[in-house]
Amino acid sequence: MGIPCEGVVLGKKGEPLTVLGQLRQAIDADGRTQYAIAKAAGIKPELLYRFMSRDRDLRGVTIAKLCLALGLHLMPIPEGKGNETRGD
């Protein structure tokens, strides 16, 4: 398990969330409907519905579009702050 620190997003069980997990969390917390978020991102609403129900994953370009629509950006975790979970 990673070292708890500022900047690492943890799931319900205290484990670091994946990028996709963090994206799902941001979509849930956004306040807009999934349809509105999909339209703002320029993707098909069905794609977002299937992603949120865990029926499919997303391609990088789709993740980038959603991040822009949600006002999110990727940030590196500072060295020694949970990087041991990065074995992907």
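In the predicted model, Thr62 touches Ile43 and Leu47, residues up to four places away in sequence not being counted; contact denotes heavy atoms within 4.5 Å. Thr62 is found in helix H4, which spans residues 60–70; helices (H or I, at least four residues) are DSSP runs, numbered from the N terminus. With a relative accessible area of 9%, Thr62 is buried, a class defined as under 20% relative accessible area, with exposed being over 50% and partly exposed in between (1.4 Å probe, protein chains only). Residues are numbered from 1 along each chain as its sequence is written. Because the model is predicted, local features need pLDDT of at least 70 and side-chain atom pairs count only at pLDDT 80 or more, whereas totals for chains, interfaces and linings use all residues, and side-chain values use heavy atoms, with hydrogens and water left out.

The largest nonpolar core has 18 residues, and those with the most contacts inside it are Leu23, Ile27, Ile43, Leu48, Phe51, Leu58 and Leu66. Helices H1 (19–29), H2 (34–41), H3 (45–52) and H4 each supply at least two residues of this core. The largest share, five residues, comes from H4. Such a core is a set of buried Ala, Val, Leu, Ile, Met, Phe, Trp, Tyr and Cys residues joined through side-chain atoms within 4.5 Å. In soluble globular proteins, nonpolar side chains tend to be buried together.

Leu48 is found in helix H3 and is buried, with a relative accessible area of 0%. Beyond residues up to four places away in sequence, Leu48 touches Ile27, Gln34, Ile37, Ala38, Ile43 and Leu66. Leu48 and Thr62 are 14 residues apart in sequence, and their C-alpha atoms are 9.5 Å apart in space.

Arg24, found in helix H1, is buried yet has no salt bridge; the nearest side chain of opposite charge, that of Asp57, is 4.1 Å away. A salt bridge requires a side-chain nitrogen of Lys or Arg within 4 Å of a carboxyl oxygen of Asp or Glu. Arg24 lies over the face of Phe51, at 4.0 Å from the ring centre; the criterion is NZ of Lys or CZ of Arg within 6 Å of the ring centre and within 35 degrees of the ring normal. Residues up to four places away in sequence aside, Arg24 touches Phe51, Met52, Arg54, Arg56 and Asp57.

Of these contacts of Arg24, Arg54 is found in the loop between H3 and H4. Arg54 is exposed, with a relative accessible area of 59%, and has a positive phi of about 65 degrees although it is not a glycine.

Conventions
Lys and Arg count as positive and Asp and Glu as negative; His and the chain ends are not counted.
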